[in-house]
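Work through the exercises below with the model open. Each task is followed by a stepwise solution.

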Amino acid sequence: MNAAFRAALRGAGAIDAANRRLAFIVRWGLLVNALLIAGNAISRKLFGVASSTMYDVQPHFFAAAVLLMAAYTFKRDEHVRIDVFSGFLGPRGMAWLDLAGIALVLMPLCLAAVWVTWPDFVTSFVTGETRASRESLSRFPAWIMKGMIPLGFLSLAAQGAAEAVRCVAHLAGVAPRPLGSEHPDRHGFA
């Protein structure tokens, strides 16, 4: 294996590790969100105390978890493939199909999403915008939730780049590309 492929595969491994750590944090964040929901329900039912900020945070927190877990789902090869040919393709055909999907759909979508959402995040951060509006009295900083959108799409784009490296390495005969049930991350959450 030449040095360029080794370096690219090491970079792909580093992206994997970063997305694995992010997914681990988000997993615990989902537990915190469940406790928050339970605490809000108990507080409201038993003590008659309700917090608009806590109610406002709950759905946004869950949406952020979905966005941030997309890259890890892609990494584990658990994403949905909507194609009629994948069942008939061998490993090389799947590598070509995945590479085309990454280049033609995933990367443009992720980069467009970051391009569109980044300015709103920056404006929200700089101005100190909160979630307070006519519908909500929440003082929760809006930039936190607005920042999850570009972060989620950036992590998904990075994972797409890592998977593209693996496709190219597989097509060049340099490295195997485990898919489906033989994928090492399918055997447990690291």
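**Exercise 1. How much space lies in the second largest pocket?**

Step 1. Note the source. The model is predicted: local features need pLDDT of at least 70, side-chain atom pairs count only at pLDDT 80 or more, and totals for chains, interfaces and linings use all residues. Residues are numbered from 1 along each chain as its sequence is written, and side-chain values use heavy atoms, without hydrogens and water.

Step 2. A pocket is an open set of points on a 1 Å grid where a 1.4 Å probe fits, with protein on both sides within 12 Å along at least five of seven lines; lining residues have an atom within 4 Å of a point.

Step 3. Read the volume, the space filled by probe spheres set on the points. The second largest pocket holds about 160 Å³.

**Exercise 2. Describe the lining of the second largest pocket.**

Step 1. Count the residues. The lining has 13, and V26, F61, A64, L68 and M148 lie nearest the centre.

Step 2. Assign helices (DSSP runs of H or I, at least four residues). At least two lining residues come from each of α1 (3-47), α2 (52-75) and α4 (142-171). α1 gives the largest share, five residues.

Step 3. Sort by type. Twelve are nonpolar, one is polar and none is charged. Here Ala, Val, Leu, Ile, Met, Phe, Trp, Tyr, Cys and Pro count as nonpolar, Asp, Glu, Lys and Arg as charged, and the others, Gly among them, as polar.

**Exercise 3. Is K146 buried or exposed?**

Step 1. Read the area. K146 has a relative accessible area of 18%, so K146 is buried.

Step 2. Find a partner. K146 and E129 form a salt bridge at 2.9 Å, N to O. K146 sits in helix α4 and E129 in the loop between α3 and α4, 17 residues apart.

Step 3. Compare the partner. E129 is partly exposed, at 31%.

How values were computed: Buried means under 20% relative accessible area, exposed over 50%, partly exposed in between (1.4 Å probe, protein chains only). A salt bridge is a side-chain nitrogen of Lys or Arg within 4 Å of a carboxyl oxygen of Asp or Glu.
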